[in-house]
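Subject: Structure handover

Hello,

Here is the structure I promised to pass on. My notes follow below it.

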Amino acid sequence: MNDRLAEVESRLAAVERRLLALEGRGPASETTAGAPPAVRVRDGAFANAATYLGRVLLIFGGAYLLRAITDYGFLPTRAGIPTGAAYALLWLYMAYRAAAHERVAAQVYGAVSVLMMLPILVEAVTRFELLSGAQSAAALALCCALYLLVAARCELRIVAWLVVAGGLLTAAVLSKASGAAVPFTVFMLLLGLASLWTVYLRHWRGLQWLGAAGANLGVVALAALSNNAHWSIAPPTAYALVLVLWCAYLASFALRSHVQGHAPGVFEAAQAMVSSAIAFVVALYMVQAGHASGDAFGLLALALGLGSYALALTRRTRTARGPGYYFYGTLGLALLVGGSALLLSPARAAIGWSLLAIVLAWSSGRYQRVSLSLHCTLLLLAAAVGSGVLATGVIALAGDPAGGWPRLAGTQILVASAMVACLFIPVDQRSERWGPAAILPQLVVLLLAGWSVGGLIVAALAPPLAHVPGAAADPGNLAALRTAVLALAAVTLAVSSRYRRWPEARWLAYPVLVAVGAKLLMEDFPSGRPLTLFIALALVGGALILVSRLLPRRADRAEDVVPAARSSVSTTS
């Protein structure tokens, strides 16, 4: 019995020792470790770094050996450059092979290969003159495509960054050295798109910004150099490359969002804005210089704008109401406004924008889209600027009549009427996504309509009542007329705030009265007469009393006091 108990105890002790060894707390772990883990890891890191540094030095040593053989004439120059390029590509192949089992070595080999290949291409053009500008651009494009392919296939991110950065720098150097700006601009454009799709395929971040920056700067520099006598660049060629950049990036974004199913991000929004701005600026410059047609570019912008709206209104995009919906909707609106501004005169464009704003206001209420109400507001703002009604309001309500007086135009009356019509069309003003900001578009429309209508009234009544413009102008009568219009606007806002359709009007009533009070001190008192001051003070005082009584209290702000509405509520209840 004692022997069996001793055997059981020994077995339990052995099991306990094994468990302690597995947990790293027993004697076995102490004997196998041999040294503190931190010291061992640090020693290994230094050893690995020294090993890789030694490999890099040996690789570069081989490159300099080939260079020495070529310089001393043992190898012809025409053979030495291809041999050096083959040597660089050899280490790219070594990076490809090492990527499966030794990723650090693969990154090192790939980076070294890039750093050897790009100087070889530069010297082939600048020192040895073996390649022309177009040939060197083609060789650079082929090499960068090969390096990016290996980097994407083997997930060598450092190599991809070196290829894009080094390729852009090499293109800039060779473009200046060879004078062939067009081929290298084409290369920068292709490299930017290649970096974009490399990021899309590998889900990397950051690389597309560098490629897009190079492509944008390349086409802008080409357009600027096309007006330089020292560069033989045809302006239509530079203009065509700008359009290619613009359309290629927008098409890439569309494929990414509606084919691959990824929502646009910050880069897509920024690059769409930048490329569109570049396209419009260069197009305006080319049109003024007589190198391009404004109508053709306007039609292209309209087509892209309609396409963007179509992408925003696809079933999946409009149902999700995610970044894609707002991205393509905003892009479509900007392109429609810009394209129509190039195709039409300002007056006709303003009328078109006003009519489209009415359609969007109706669509906002019909389909419960606050974003369409925002688009309606932006179109009305563009129409106000294009028709001149906004400037008319500034001169009529706050300008100096000695500098001239605005003339009323039918376009301005139509635009102001469209603003008032959009106020009577119910739009969507409740949204969990927008929150309290859902009322802002209608608030801006209300402000625009009041400003435009008030400015038109003053512009129409000031000539007969205040004898403006001219030396016989009466500043006192003009100040009283302006005060009367602004006071009437404050009362109108207070009345409007009692209706369900315009609850946001209450936010404007008192600011308008504050503006009227400031106007009394700055204009009416210095330039008025006793009679005009009596009229102005009576109007402002009456407006203050009416506004304070008409504005709804907190308890009934959302209630409609129209008798018909009350009767309908009572009948339905």
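How many cavities of 30 Å³ or more does a search of the whole structure find? The search finds 1. Before the details, some ground rules. This is a predicted model, in which local features need pLDDT of at least 70 and side-chain atom pairs count only at pLDDT 80 or more, while totals for chains, interfaces and linings use all residues. Residues are numbered from 1 along each chain as its sequence is written, and side-chain values use heavy atoms, with hydrogens and water left out.

The cavity

A cavity is a set of points, on a 1 Å grid over the protein atoms alone, where a 1.4 Å probe fits but cannot get out. Its lining residues have an atom within 4 Å of a point. Points are joined across faces, edges and corners, and a volume is the space filled by probe spheres set on them. The largest cavity has a volume of about 40 Å³. Its lining consists of Val114, Met117, Leu118, Cys143, Cys144, Tyr147, Val163 and Gly167. Helices H5 (103-126), H6 (133-154) and H7 (157-178) each give at least two residues to that lining. By class, 7 are nonpolar, 1 is polar and none is charged. Here Ala, Val, Leu, Ile, Met, Phe, Trp, Tyr, Cys and Pro count as nonpolar, Asp, Glu, Lys and Arg as charged, and the others, Gly among them, as polar.

The pocket

A pocket is an open set of points with protein on both sides within 12 Å along at least five of seven lines. The largest pocket has a volume of about 840 Å³. Helices H17 (389-398), H18 (410-424), H19, H20 (475-496) and H21 (506-527) each give two or more residues to its lining. That lining has 29 residues, and Gly450, Trp451, Gly454, Leu486 and Ala489 lie nearest the centre of the pocket. It divides into 22 nonpolar, 4 polar and 3 charged residues.

The chain as a whole

The protein chain has 23 helices and 0 strands. Both are DSSP runs numbered from the N terminus: helices are H or I with at least four residues, strands E with at least two. Of its 573 residues, 42% count as buried. Buried means under 20% relative accessible area (1.4 Å probe, protein chains only). Contacts are heavy atoms within 4.5 Å. Of the contacts with a separation of 6 or more, 73% join residues 24 or more positions apart.

H16 covers residues 370-387. H16 is largely enclosed by the rest of the structure, because 13 of its 18 residues are buried. Gly388 follows H16, with a positive phi near 90°.

Val445 sits in H19 (residues 440-466). At 1% relative accessibility, Val445 is buried. Its contacts, leaving aside neighbours within four places in sequence, are Thr377, Leu380, Met419, Cys422 and Leu423. Val445 and Ser373 are 72 residues apart in sequence, yet 9.6 Å apart in space, C-alpha to C-alpha.

Glu523

Is Glu523 buried or exposed? Glu523 counts as buried, at 19% relative accessibility. It lies in H21. Not counting residues up to four places away in sequence, Glu523 touches Ala479, Arg482 and Gly528. From Glu523 to Pro475 is 48 residues in sequence and 8.7 Å in space, C-alpha to C-alpha.

Best wishes

Methods. Buried < 20%, exposed > 50% of the residue type's maximum accessible area, 1.4 Å probe, protein only. Expected span 1.5 Å × (residues − 1).
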